[in-house]
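Hello,

Here is the structure we talked about. Please open it alongside this note, which says what was found in it.

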Amino acid sequence: MNRLSFLIGRICQGILALFAIATLNFFLIRAAPGDPAAVMAGEAGAVDEKFLQVVRLQYGLDLPILQQWWIYISGIARLDLGYSYRQQASVASLILERLPATLVLTICAFVFSLVVGVTLGVLAARKPGSLTDRLIGFLALIFYAAPMYWLALMAVLIFSIRLGWLPAFGYQSIGADYHGLEALLDRMRHLVLPTLALSFFYVAIYTRMTRANMIAMSQMAFVKTARAKGAGETRIQLRHVLRNALLPVVTLAGLQAGNMVGGAIMTETVFAWPGVGRLMFDALMQRDYSLLLGAFLITAALAIIFNIITDIIYTLVDPRIAL
Amino acid sequence: MTRPNLLHKMFSRADVWLATLVLLVIVALAVAAPLIYPKGPWAMGGRPFLGPAGDLRFPLGTDTNGRNILAGLIWGGRVSLVIGLVSTAVAVSIGVLIGAVAGYAGGRVDAALMRFTEIFQVVPGFALALVLVAVLQPSAGSIVLAIGVVSWPPVTRLVRAEFLSLRSRDFVYAAQLQGQSSLRIMFRQILPNVASPIIVMGSLMVATAILLESSLSFLGLGDPNRMSWGFMVGASRTVLRQAWWMATFPGLAIAVTVLALNVLGEALNDALGSQSGKR
C-alpha cells in the first residue's frame, strides 16, 4: 500500500464516520421526547407555530422516515446544518464564527502538551528511581487522575484570584481597547490558563509514555553500539534514544488529538472561551438541539481531520513506514 | 494460576496498600451515608458560605444554601461509585460481545464489525456522551448508557485480538469436534482465557467512567435527583472567588478515588502480566 491509497482510505473512513454521526443525529432528534419539529426548533412552547410549520415542511416530517432521513443527510452534505431559532441564525454560520477560537486553543494545547510531556519524560528517564523521576511520576499520576475542569478551577484560584497574574476567563480584556502588539499580548495572556487546563491530562500520558519508551530503548543494542563508538551521552540520549522513543508517542498524540477537541468543550465552558465547545454548552443550556447536534458533527469532523493530519506527519517522521 | 501468589505479589507494594485502604474508606463512607447523614445531602442545616473548620458540625464548610459539604461528599460518592461500576459493566459487556463475535467469526463479519468499532473510536467520546445525555434527558439510566456507549471499543479490540489467536488452538478444535455450539465455545471455552486482561482493563475503565460521569455532572447533565461530586464542583463555579472550599474538596475526592483505582489497576496489570509470563 502506498502513501496515497492509505490517505484515501483514511479520508473514506472519516467520511463514513461523519455519515454515521449524521444518521445518529437524525435518530436522536426522534428519540428525544416531543415533536421532532419542536425538538429541532429548540425549547418547545417558546417557538411560534408558523416556524414549526416551516421546519416540518423543510424536513418533510410528514413523509416516510427513510425519505426524512434522506432530506436530512443531503442537507448536511450541502453544509446546511439547520437553523437556530434561539439565535436567529443558521447553525453553520454560528459554528463558523466560533471555529477559530477552538482551533487556536486546541493547537496550542496539542503543541504545549507534546513538548512538555516529552521533556518531562526525558528528564524522568535519565535516572529511573531518582528524586526527579519520582517527582515527575507523581505529578503525572495527579494530572492523569484529576478531572480537567477541577484542575482548571484550581489554576484560576491560584493564578487569577490569589496571585492576580492571569485573567480568569474570556478571550480578551473587555473595554480595554488595545491595539497592535498590546492586543496580541492581551490575547496571549488570556490563552495561558485554558491551554494549561486542556494540556494537564495529555502532559501526563505523554510523560509516562516517553519515559517508558526511553528506558526500553536505552537497553537496545544500537545504544550500546553508539556508546562503544564513543558518542557523548547527551548525543546518545537525544539523537539515538529519543528519536526512536518518540514514534509511539506521536502515534498516541494522533489518537488523542481527536479527544482533545472533545476536551475543549470542558475547557471552553470553564473559561468562557468563545469557541465551538462553549457554543455546545450554551446550546445545551438553552435546549437548542439543532445547534447542539450541528456543533457535535463539526467537533467530530475536526477530530477526524486532526487524526488524518497526525497520520500524515507520522509517515513523514518515520522513514521505515513504507505504507 | 494460583491466587494467593497473585495477591502476595500485588500487596508487596506500599502504594497498593494505600490505594486499597483509601478505596475501602471511600466505599465504607458511601455505603454508610444514610447512617452518617440521615437527612441527606440536600438538607440546609447551616449558615451559607461557612468556611471549613469554622464549625465542628460542618468540618468542610457549607455551600451557597448552607448545605453541608461533607454530607454532599459522602452521599456523592455513592453516585460516582455506582455509575462507574455499572457503566463499566455495560461497556465491558458490549465490548466482549462484539469482540468475541468478530474474533471468532473472522473474515467479513470481523471486517464489518471492526469498521463499526473504528467509527466509535474516531468520534470524540466526551462529545458523544454529552449529546446522548442531553437529548435523552439526564437520568442515571441515560448517563450509564452514554458512558457505556463511548467506552466499549478498547475492550472489543482486546477481546477480538485474543479470540483471533485462541480460536486456532487445539482445545478449540477439540470442542468443535465434540460438536459444541459456537456460542458455547466462545463463552465457555475461549472467554475464560481472556478473563485476566479484561479484568485489568475493566478496573482502569471504572476510573475513566467516574471521571466521565463527574464531567457530565459538572456541566449540569447529572441525575438531577442525586448529589454528585461533579455537580458540587459545577455549582461552585460562579462563587469561586468567595468559597474556594466548595470547588476544592469534591474535586479532590474525585482525584483521590480515580488515583487509587488507577494504582490498583496498574498493580493488577503488573501482577497478572508477570504471572502469564511465567506460565
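Chain B has 13 helices and zero strands. Helices here are DSSP runs of H or I with at least four residues, strands are runs of E with at least two, and both are numbered from the N terminus. From the N terminus on, the order of elements in chain B is α-α-α-α-α-α-α-α-α-α-α-α-α.

Two notes on the source. This is a predicted model, in which local features need pLDDT of at least 70 and side-chain atom pairs count only at pLDDT 80 or more, while totals for chains, interfaces and linings use all residues. Residues are numbered from 1 along each chain as its sequence is written, and chains are lettered from A and ligands numbered from 1 in the order in which they are written.

Chain B overall. The C-alpha trace of chain B spans about 75 × 45 × 30 Å along its principal axes. Of its 279 residues, 45% are buried (20 or more other C-beta atoms within 10 Å of the residue's own, with C-beta atoms placed from the backbone). Take the contacts in chain B between residues at least 6 apart in sequence: 68% of them join residues at least 24 apart. A contact means C-beta atoms, placed from the backbone, within 7 Å.

The interface. 31 residues of chain B are in contact with 41 residues of chain A. On the chain B side, α5 (107-122), α6 (125-136), α11 (195-218) and α13 (244-278) each supply at least two residues. That side has 22 nonpolar, six polar and three charged residues. Nonpolar means Ala, Val, Leu, Ile, Met, Phe, Trp, Tyr, Cys and Pro; charged means Asp, Glu, Lys and Arg; the others, Gly among them, are polar.

The core. The largest nonpolar core has 170 residues, and A:Leu292, B:Ala129 and B:Leu130 touch the most other members. Such a core is a set of buried Ala, Val, Leu, Ile, Met, Phe, Trp, Tyr and Cys residues joined through C-beta atoms within 7 Å. Its largest share, 16 residues, comes from α13(B). Domain 1 (2-91) and domain 2 (98-322) of chain A both give residues to this core, so it lies between them. The domain bounds come from an automatic or database assignment. Leaving out residues up to four places away in sequence, B:Ala129 touches B:Ala146, B:Ile147, B:Val150, B:Leu212 and B:Leu216.

One helix pair in chain A. Where do α9(A) and α10(A) meet? A:Phe222, A:Val223, A:Ala226 and A:Arg227 in α9(A) meet A:Ile236, A:His240 and A:Val241 in α10(A). By class, this contact has five nonpolar, one polar and one charged residues.

Best wishes

Key. Contact = placed C-beta atoms within 7 Å. Buried ≥ 20, exposed ≤ 12 C-beta atoms within 10 Å, placed from the backbone.
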